[in-house]
Each structure stands twice: as C-alpha cells, then as structure tokens.
2 protein chains.
Amino acid sequence: MLDKLEMFIAVAREEHFGRAAVGLGITQPTLSAGIKQLEDQLGVQLIFRGSRYGGLTPEGQNALEWARRIVGDARQLKEEMRFKRHGLAGQLRIAVIPTALTWAAKLSAQFSRKHPRVRMTLLSHASSEILSMIEDFSVDAGISYLDNEPVGKFSTAPLYREHYMLVCRSDAPMAARDRVGWHDLDGEKLCLLTPDMQNRRIINQHFLAAGVTPRAGIESNSTVVLIANVEDGDWMTVLPADMARFLCAGKPLCMIPVGDAEAHKTVGLVAPWREPHTPVLKALLTEAGRVSDLSR
Amino acid sequence: MLDKLEMFIAVAREEHFGRAAVGLGITQPTLSAGIKQLEDQLGVQLIFRGSRYGGLTPEGQNALEWARRIVGDARQLKEEMRFKRHGLAGQLRIAVIPTALTWAAKLSAQFSRKHPRVRMTLLSHASSEILSMIEDFSVDAGISYLDNEPVGKFSTAPLYREHYMLVCRSDAPMAARDRVGWHDLDGEKLCLLTPDMQNRRIINQHFLAAGVTPRAGIESNSTVVLIANVEDGDWMTVLPADMARFLCAGKPLCMIPVGDAEAHKTVGLVAPWREPHTPVLKALLTEAGRVSDLSR
DNA sequence: GGGTTCGATAGGGAAAACCGATCATGCTCG
DNA sequence: CGAGCATGATCGGTTTTCCCTATCGAACCC
C-alpha cells in the first residue's frame, strides 16, 4: 500500500507513467498495475487516462494530499530511526533560487562543518518549482522567497533580505555615484535575468513603481552571463548584493546600491511542515537561524 | 510496510504476540516475522523479547507514535474515498463511560436518524481505557470526562455537565428534602460504584472536600445493581442526574440534587485529533454540538 | 520436575509482484 | 491521409514474497 502511494505521487509529479516508472526504478507495466490496484483498493478512480495521462480526478486530488502526508510520515519514521542509530547522517537535498546560491553555500559550509556526516546536495531551481519539489519529495528543503508563498504547509526560517546592486564597469558614467534610484536607470543599457525568473519579476516591479519601463537588451537565465556582459561591453545589470559581490570579486567592476533600503523581499529556508521535524531538518533550521542576517 | 505497522501497533496494544495475531486474523509466526521484518527495515529493535513480550524499546516508543499517525492517516484516506462513493455510511464505534450511557443513547439515536446508513456500536468502558482505545483504533471515538484528559492529541466536543442526584426510596427520611449537601450523607448507608471507576473517584473527592469519609456498604461496577439495592433495601446511592432519571423511571424512588450547582465535571465526545476529520466524525461532532446541553 | 505458556524457527505451498514483449489508441508530421 | 511515434494497457512466465502448519526451546508456575 505504501509503495502504491509512492507510485501515485510519482505519477502525479511527472504527469507521465513512463517517466514516473523509471524514476521509481520499476517498469511501466508494474506502475500501471500498481495504480490500478490502488484505485481498486480505494474504490475510486484517481487518474484520468485513456492511452495517455489525463490529470487527476477530484478524488485523486484529495487522495494525493493524504498520500503525501502518509508517505512523508513514513519517510520521517525511517529517518528518525536511522538517526537513533547513526546520529546526524545521510543526505540533505536543498533546492535554491539562483540569486541565493552564494547564501546557500554559506549555509551549507557552516552546516557541513558542524555535521560532517551529512552529505548535502544543492540544486539551482526557479522559485516557482521549489515548493512543489518539496511537496513531492524531490528535495528535503528549499531556499526561496518567503513573502508571497502559502505559508500553511511549510516551516520557514528567514535568512536575509535582498538588497539590489547596480553593477557596471569602473569606467562607466554611473560608477562615481554612491547610490542610484530605480528611475535613474531609465534608458540605460541593461542586461537582466529572463522574465520567467522571479528575481526579474521583482526587479520589474521596482521599475514599474518608479515609472520606468526597463529595456533589457540582453537577457539570460544565468547570472554569470550577466556579469560577463557587463565586464565586456558597456552594459549594466542589477543583482542581489551578495551575488553581485561574489561575481564581481577581482574584476574592475563597481557595485552601487539601487533604490532605498526599504521594502525588500525576504529570502529564507523553506521546509515541509511536519510535527516534529526530522533531526536533520531541525538542525538545518537551527543553523539557518544562526547564520541569518535577520535578528528575527 | 503499512501492514507491518499495523502489526506493530497491535502487539503494542495487546502486549502479547499471540493475542495480537488473532486480533489481526493472522497466525503468530506470521506476526513474529512481520515484526522482525519491520525492525530490519528500520534498522532498530522495537520490542524487547526473549521467549516473551518484554515491552517496547525507546525507539519502539518513538516509532509507535509515527506508526499510529501513519496508519490512522491511511485509514482516513480509505474512509474519505469511501465517503466520496457512498456518502455517509459504514461503522462508527464509540466507547462510553457507564454513567454517560443514557446520553450516548440520546446522541446515537439522533445521529442514526440523520444518517441511517451509518451503523453504530456503543461500548461501555472505563474512562481510563477510552483514550488508549481511541489511540490504537479499537474505537473511532469516545464519550468520557473532558476535564482532566490530555487535550493535545484529541478533538473534543462537550455534551453536558454531571449533576449528582441522591437516590433513595420515597419513604426514606431524606426523601422530603429538595436538596442535600455532601456532608449530610455522613454516616448514611450508601451503595456506590467500585473505586476503580472514575465516577466513584469523583464522588469520593466531593466527600473528601466536605470532610466526609464515605462508607459504601455495597459496591458494584453496575449502576443497575445500585438502583436495585436502593429499591429493595434501605440503601441510598449517588448517580449522575440523567442516569438516575433513567433508572428510577416507574419506581417508587426519589431523586434529590446533591451539593451546589457548581464545579461539576464536563462529559463530552472525544475523537482522535486529525486534520481534517473523517466525514463521519465531523458529522458526529456536529451532532454532539447540536444535542449538547452546553451552549458552549 | 512435569506441564504450560510464549515466541522463534523450519519447510512448503499459494499468492503476489515484477518484467519483457506485445497490443491498441491517439497524435504528429510529412 | 498514411507512416511513425508516443503512451498506457494487457498477457505469460518467472521470481519473490507471504503465510500457514508443525515443531522447538526457553521461561514460568505450581
């Protein structure tokens, strides 16, 4: 039954029987049989399908929530028992929004020093993906924006607030200033993240509030590309302070604070809400509180 | 895995492999193998045992809580899916303290009228047993004292407050009075419930507070015995109002309120805490609120 | 010290789980 | 409009797991 629920969760995640099957390390016929068996056991159809995956039925939606809770609790049981044997050990997978990668590294370094037997995996993902990755057990925790997320099913620990820096060459006209407003960037040549990334959308909102329509001449989903363009051409970009500091190190680039110090998005750790947490997660949340900029 | 957890819960409840096995409808060797397999899977010993059940290990205690949560959620998943198919139907088992049996009947009658397809089972049990019966799924809900119970893992709905009545023959000396104090009963011939029942302990507390040491000449664990003795001999007894009213009907007996109207124990419905509740339980809790004496 | 209770172990038969191969359907693209 | 492809269901056979009966050995109880 438990394995059937895992199958169900996998299919709901992948929206595809074949992919879900390889993800589970079983064959597709086995998976099909498992789902059918689960449906028989519960007496309701869970998945619409005729020659192709067709989404969850309403009952399926409902059952999915229970399945996640049950499977999650079962994993936690195992995790907790392993903790009793081996102490803090095992793997910890964390999905991180790209602009928080430097902070994530800071956290993971600190955590690894304290708990050397825990192997950590940091994955860069869009903030829109992170919550669902937590929900269906693709990762154990995430680092993302805390402000606009549904807070119900997650535990959170704030890490820092995003402050934006304008990055330009040292010989650029702006380089002399020690602070610029969003409106000052009207008409400037900017290279920015692609609009599918939340960081870009946040920056867009700032521009909008300042009555400026940003003209991004170069777009990329990689912060490295942005900085490289700034360095090579006469472009400028806007990045969170830490990321900017990290990428600019040793290069002839200037960082200038943008906008006023207020109203910045909070970035923090997001973990599945569960009472109590696994030992590792508890340790991670504790560590996040310690490393955090925010006195909370 | 889920069935192994059920086995584990059963053994923890029965504290005996053989009994647990028959309760589960399997043989003892199967059960033994199941437990061992669960222990292997979790990598920890759960139960002390050498030729005989020896209690849970600390890890076992911990695992038991998770097992209950997981199995409970799994049952709820099934229950919810069945509800989606058939509406409110199935079985509802309720454990009731003896002195609340008349109230339980009132509740069950009302509930059955509204939801005729739900079969109800009412079991008389001591209040000390009821919570653990709920925890290990022997019953779906209970009716018991709400005041001194750990409230954390249970949902409750108050039904009524216990008011005590002195019951005596119409020709007894006390019969004329319209109210008596606990101290007035000093030295009187009383027949009461046995001291292992919480109702008796509550009455004892009242006596103690009034500086009276009760002399119960006849004790029984059956309220019927108490009333029969009052009717036949020159005994008196003390019972909750509703139960007294029910048992005295049509007999030449008097009921006289005992003590002042304050500080009486609250009796109510107790259900396993779960978010959300099963449809049946939700309906039952609603019904309890409707039938209740207490305007809450 | 014989009888009893309780859980572990051994062995065999039934059930199931799983896989590879194949089929049926619906979609895409030339 | 037809060939090719993608996707999930179905089938047959093999392997694994499950569960029962029978039995054993230790602890317990007069």
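The model is predicted: local features need pLDDT of at least 70 and side-chain atom pairs count only at pLDDT 80 or more, whereas totals for chains, interfaces and linings use all residues. Residues are numbered from 1 along each chain as its sequence is written, chains are lettered from A and ligands numbered from 1 in the order in which they are written, and side-chain values use heavy atoms, with hydrogens and water left out.

At least two residues each come from helix 2 (17-24) and helix 3 (28-42) of chain A and from helix 3 (28-42) of chain B. There are 18 residues around DNA strand D, of which S32(A), K36(A), R49(A), T27(B) and T30(B) come nearest. Of the atoms of DNA strand D that come within 4 Å of the protein, 74% belong to sugar and phosphate. A polar side-chain atom of R49(A) is 2.4 Å from a phosphate oxygen of DNA strand D, and for K36(A) the corresponding distance is 2.8 Å.

Chain B contains an open sheet of three strands in the order 10-7-11, with antiparallel pairing (two strands pair if DSSP finds at least two bridges between them). Strand 10 (237-240) and strand 11 (253-257) of chain B each have a single partner strand and stand at the edges, so one side of each lacks a neighbour in the sheet. From one strand to the next, the twist averages 35° (axes are lines fitted to C-alpha atoms, for helices over the stretch in contact, and angles run from 0 to 180 degrees between N-to-C directions). Strand 7 (residues 164-169) of chain B pairs with strand 10 of chain B over four bridges in the antiparallel sense; P240(B) in strand 10 is the bridge partner of Y164(B). Helix 9 (residues 241-248) of chain B packs on the sheet and touches strand 7, strand 10 and strand 11 of chain B, contact meaning heavy atoms within 4.5 Å. The direction of helix 9 makes about 110° with that of strand 10 of chain B.

Technical notes
A residue is near a molecule or strand if one of its heavy atoms lies within 4 Å of it. A polar contact is a pair of N or O atoms within 3.5 Å; within protein, one must be able to donate a hydrogen and the other to accept it, and residues adjacent in sequence count only if both atoms are side-chain atoms.
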